[in-house]
Amino acid sequence: MYCDIQAKTKSLYIHWPFCPYRCHYCPFVALSGHDSFMERYHRALVQEIQHFGKNYDQKLSLDTIYFGGGTPSTYPDKLLLDMFAILKSIFICNDRTEITLEVNPGTVRPEQLPFWRDLGINRMSIGVQSLNDSVLHAINRLQKSADVYALLEKAPLYFNNISVDIILGLPGVSVAEWKLLLSTIVAWDITHISMYVLEVHDTTPLYFSVLSKKVILPCDDEVVDLYYWSRDFLAQHGFEQYEISSFARNGYRSRHNQTYWERNPYKGFGLGACSFDGTSRFQNEKNLVRYLEAAESDQFMPFFEEAVTAEQIFSEKIMLGLRRVEGVKKDEVIAHLTNAQKDTFIAQVEVLKTEKLLIERDGQLRLTPAGLIVENEIITRLSL
């Protein structure tokens, strides 16, 4: 059995990889045109979860469960009902357990909303991305704005914790259109906004379209300016930034995501799912057939595993800490460094402070608004 069962794992991630279509910017383990595998995959998920549960004499009490994808809103009702029966037979879930389901507009039937609520799902994450149909269709995201409006009209009747995802920097979206999008979203009955800056991952269709100049991305300066404007606008409308891409109304931060940022243990189930037990990281098989065959023979072995080194722990604390508005404690980060490493790190911190990319207050290192934009560069400069 991989993953230290002594780790105080209170968060589960369950991966549902099936999608009705594949967005051109998507770098995740996701499958379109494979719906015939859904039932078999569900059985494999159940097998993997039961396999994990056998290691414990008592039920684990959970703080969060996150159904991610792919498109988890395509999880067939009968199979999802079975999944919750399995989860409740192995783990302790109560009203305090945050249970999130990722949902894509256009894949939801109205009767599913009360069904999901009655299962115990209490947080919905809706992939809006944009309200411009032609922009989305150009990158093969085939939902319609009408689907979004229909879903956002009904979902608050059943859920009081709703997050929406939007993407800044999509090709073809003007400054005025982006500002109109945010003005529209803040009027919805939602509690959380994830605002991602478009990333172009190699091997994705979007990457090759940009490379061949079939797609022209907005200039970096325009995206940076809009990011600044968006932060201020969301704050004015009650959405407090707590992480680079995350904005929440008071009391509605994503507890599951904070598990990752705080480097707490979590267990991932499903195709390509990742786990962390506090000292080592693991990833499941990413090939569907090999994953299914491993599950059916009850021979779960990680596709990838590594013990986290002292250097990696340092880098992760910097990377994950600086993503959050609260920042990271300097003394905690440098506690296990050599004297020479401490000197180098502190010197680089001073340079970044001079450049107004980093501030230090009460022993906490925080990125400035300008630093948030170039977070990756700062992390590289602070690395050992």
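Let me begin with a question: does Asp118 count as buried, partly exposed or exposed? At 56% relative accessibility, Asp118 counts as exposed, where exposed means over 50% relative accessible area, buried means under 20%, and partly exposed is in between, all with a 1.4 Å probe and protein chains only. Asp118 forms a salt bridge with Arg117, with the closest N and O atoms 3.1 Å apart, and a salt bridge here is a side-chain nitrogen of Lys or Arg within 4 Å of a carboxyl oxygen of Asp or Glu. Arg117 itself is partly exposed, with a relative accessible area of 36%. Elsewhere, salt bridges that share partners join Lys330, Glu350, Lys353 and Glu360 into one network.

Before going further, a word on what we are looking at. This is a predicted model, in which local features need pLDDT of at least 70 and side-chain atom pairs count only at pLDDT 80 or more, while totals for chains, interfaces and linings use all residues. Residues are numbered from 1 along each chain as its sequence is written, and side-chain values use heavy atoms, with hydrogens and water left out.

Now the overall picture. The protein has 15 helices and 19 strands, these being DSSP runs numbered from the N terminus, with helices (H or I) of at least four residues and strands (E) of at least two. A compact globule of 384 residues would have a radius of gyration near 21 Å, and the protein agrees with that because its own value is 21 Å; the radius is taken over C-alpha atoms, and the globule rule is 2.2 Å times the number of residues to the power 0.38. The C-alpha trace spans about 60 × 50 × 45 Å along its principal axes, and 51% of the 384 residues count as buried. Among contacts with a separation of 6 or more, 71% come from residues 24 or more positions apart, a contact being heavy atoms within 4.5 Å.

What sits inside? The largest nonpolar core has 104 residues, and those with the most contacts inside it are Phe67, Trp116 and Phe345; such a core is a set of buried Ala, Val, Leu, Ile, Met, Phe, Trp, Tyr and Cys residues joined through side-chain atoms within 4.5 Å. If we leave aside neighbours within four places in sequence, the contacts of Trp116 include Leu80, Leu101, Ile121 and Phe159.

Let me turn to helix H10, residues 288-296, whose buried residues are Leu288, Tyr291, Leu292 and Ala295. They cover an arc of only 95° around the axis, which puts them on the same side of H10, the arc being that of the directions from the helix axis to the C-beta atoms. Among what covers these buried residues are strand S3 (31-32) and helix H1 (38-53). At the N-terminal end, H10 is capped by Asn287, with a side-chain oxygen 3.2 Å from the backbone nitrogen of Val289, and after the helix comes Asp298, whose phi is positive, near 55°.

The structure holds 20 salt bridges, and one of them joins Glu296 to Arg40, with the closest N and O atoms 2.6 Å apart. Glu296 lies in helix H10 and Arg40 in helix H1, so the pair ties together parts that are 256 residues apart in sequence. Glu296, at 46% relative accessible area, is partly exposed, and Arg40 also counts as partly exposed, at 28%.

Finally, a buried polar residue. Thr71 is found in the loop between strand S5 (64-69) and helix H2 (77-90), and its relative accessible area of 1% makes it buried. The side chain of Thr71 makes a polar contact of 3.4 Å with the side chain of Asn104, where a polar contact is a pair of N or O atoms within 3.5 Å; within protein, one must be able to donate a hydrogen and the other to accept it, and residues adjacent in sequence count only if both atoms are side-chain atoms.
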